[in-house]
Amino acid sequence: MKIFAQECAILVDQGKMISIQEVKDRIEDGNLVNWLKDEYMTDKSFYIGTNSFSDEDIEFVNREYNNMLLG
């Protein structure tokens with residue numbers, strides 16, 4: 001979770017803007033991590049943590065964000 005959060009912070013520092021509704025929709029669809037990787041984290045050397053996640057890691061992060069959203 002920490003690696004993913006740090007790499008999301010990098011996106012914010014780069015000026016990337018995503019609507020809250022878009023993030024909520026991606027969380028509800030269960031594809032937040034893959035969507036962010038495909039759309040915004042394409043530099044594999046810069047986003048090495050998230051790009052090295054296993055399928056289980058991705059599922060865990062998606063599930064945890066869904067739990068927080070439903071909180």
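Let me start with E7. Setting aside the neighbours within four places in sequence, E7 is in contact with M41, F46, Y47, I48, G49 and T50. Before going on, please keep in mind that this is a predicted model. E7 sits in helix 1, and with a relative accessible area of 6% it is buried, because buried means under 20%.

One of the contacts of E7 is I48. Is I48 buried or exposed? I48 belongs to helix 4, which covers residues 48-51. Its relative accessibility is 58%, so I48 counts as exposed; the cut-off for that class is over 50%. Two distances give some sense of the layout. From I48 to L69 the C-alpha atoms are 26 Å apart, and the two residues are 21 apart along the chain.

E22 brings me to the salt bridges. How many are there? The count comes to two.

In one of them, R26 pairs with E22, and the closest N and O atoms are 2.8 Å apart. Both residues are in helix 2, four residues apart, so about one helical turn separates them. R26 is partly exposed, at a relative accessible area of 22%. E22 is also in the partly exposed class, with 26%.

There is also a salt bridge between the side chains of E59 and R63, with an N to O distance of 3.4 Å. The spacing is again four residues, here in helix 5, and that puts E59 and R63 about one helical turn apart. R63 has a relative accessible area of 39%, which means it is partly exposed.

Now helix 5 and its partners. Helix 2 spans residues 20-29 and helix 5 spans residues 55-70; their axes come within 9 Å and cross at roughly 120°. Why is this pair called oblique? Angles of 65 to 115 degrees count as roughly perpendicular, and over 145 as roughly antiparallel. The crossing angle is roughly 120°, and helix 2 and helix 5 are therefore oblique to each other. The crossing is left-handed. On the helix 2 side the residues are K24, I27 and E28, and they meet Y65, N66 and L69 of helix 5. By class, that contact has three nonpolar, one polar and two charged residues.

The next pair is helix 3, residues 32-39, with helix 5. Their axes are 8 Å apart, and the packing angle is about 115°. That makes helix 3 roughly perpendicular to helix 5. Which residues make the contact? Helix 3 contributes L32, V33, N34 and K37, while helix 5 contributes I58, V61, N62 and Y65. These divide into five nonpolar, two polar and one charged.

Staying with helix 3, its buried residues are L32, V33, W35, L36 and K37. What do they pack against? Their partners are helix 1, residues 2-13, together with helix 2, helix 4 and helix 5.

Terms used. Residues numbered from 1 in each chain as written. Predicted model: local features only at pLDDT ≥ 70, side-chain atom pairs only at ≥ 80, totals over all residues. Heavy atoms only, no water. Axes fitted to C-alpha atoms, helices over the stretch in contact; angles between N-to-C directions. Helix = DSSP H or I, 4+ residues; strand = E, 2+ residues; numbered from the N terminus. Parallel < 35°, antiparallel > 145°, perpendicular 65-115°, else oblique. Left-handed = near helix turned anticlockwise from the far one by under 90°. Contact = heavy atoms within 4.5 Å. Nonpolar A, V, L, I, M, F, W, Y, C, P; charged D, E, K, R; others polar. Salt bridge = Lys/Arg side-chain N within 4 Å of Asp/Glu carboxyl O. Buried < 20%, exposed > 50% of the residue type's maximum accessible area, 1.4 Å probe, protein only.
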